[in-house]
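Here is a guided walk through one model. Keep the sequence and the coordinates open side by side.

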Amino acid sequence: MSDAERSDSDLIAAAIAGDAVAFEQLLRRHYDRIHGLAWQLVGTRADADDIAQEVCCTLAERIGTFRGEAKFTTWLCRIVFNFCRDHRRKRRSFLGLTERLAVLAGLSLPPDGRDLHDAMWVRSAVAKLKPAYRDVVVLVAGQQLSHGEAAAILGIAEATVAWRLHEARRMLSGGNDA
């Protein structure tokens, strides 16, 4: 059976059993989703690169905790989402302040023009939403997860996901600002 024919279930079982090649194949198969979700949630390529790397390292440690109660992609999105949420918290904290001061003092470089241009669509209307609404929009519209999968990742009721999507649509159509 070729690598492309192996199912996620087969790769997960082999990775849990210690098969490094299967784990690598699993990461290759899902890396674009990991990176893409991170980029949508944090808005810069550099931060998404860092988060994707952290997620991949964490998966090596946590693959054995996958119990199959949800789809692997849902479980994976939850991990990425949690890393992004932690990243946003850090940005608001002292670390965010010191990073901005380092740029002002010339000790580090600001984001390059590619990040600003490439992420413009992310920072458009969706970026104006409060995080609770933005997270739902990114998971359901951006990652094409079901309401149930998004609810599982966010730890909220499926009906809350539907309501937040409705409210986000209303806000984006000019109803009220987030």
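This is a predicted model: local features need pLDDT of at least 70, side-chain atom pairs count only at pLDDT 80 or more; totals for chains, interfaces and linings use all residues.

Residues are numbered from 1 along each chain as its sequence is written, and side-chain values use heavy atoms, with hydrogens and water left out.

Start with helices H1 (residues 8-16) and H2 (residues 20-42). Helices here are DSSP runs of H or I, at least four residues, numbered from the N terminus. The axes of H1 and H2 come within 8 Å and cross at roughly 135°. Axes are lines fitted to C-alpha atoms over the stretch in contact, and angles run from 0 to 180 degrees between N-to-C directions. H1 and H2 are therefore oblique to each other; angles under 35 degrees count as roughly parallel, over 145 as roughly antiparallel, 65 to 115 as roughly perpendicular and the rest as oblique. Their crossing is left-handed (the near helix is turned anticlockwise from the far one by less than a right angle).

Which residues of H1 and H2 make the contact? H1 brings Asp8, Leu11, Ile12, Ala14 and Ala15, while H2 brings Ala22, Phe23, Gln25, Leu26, Arg29 and His30. Contact means heavy atoms within 4.5 Å.

Now turn to the core. The largest nonpolar core has 47 residues. Such a core is a set of buried Ala, Val, Leu, Ile, Met, Phe, Trp, Tyr and Cys residues joined through side-chain atoms within 4.5 Å, where buried means under 20% relative accessible area with a 1.4 Å probe, protein chains only. Ile34, Val55, Leu59, Phe72 and Leu139 have the most contacts inside it. H1, H2, H3 (45-62), H4 (72-92), H7 (131-142), H8 (147-154) and H9 (158-172) each supply at least two of its residues. H2 gives the most, with ten. Beyond four places in sequence, Val55 touches Ile34, Leu76, Ile79, Val80 and Phe83.

Two residues remain. His87 is found in H4. His87 is buried, at a relative accessible area of 16%. Not counting residues up to four places away, His87 touches Val42, Asp47 and Ile51.

Leu145 lies in the loop between H7 and H8. Leu145 is also buried, at 6% relative accessible area. With neighbours within four places set aside, Leu145 is in contact with Arg33, Cys77, Leu139, Val140, Ala150 and Ile153. Leu145 and Thr73 are 72 residues apart in sequence, yet 9.1 Å apart in space, C-alpha to C-alpha.

Note on methods. Buried means under 20% relative accessible area, exposed over 50%, partly exposed in between (1.4 Å probe, protein chains only).
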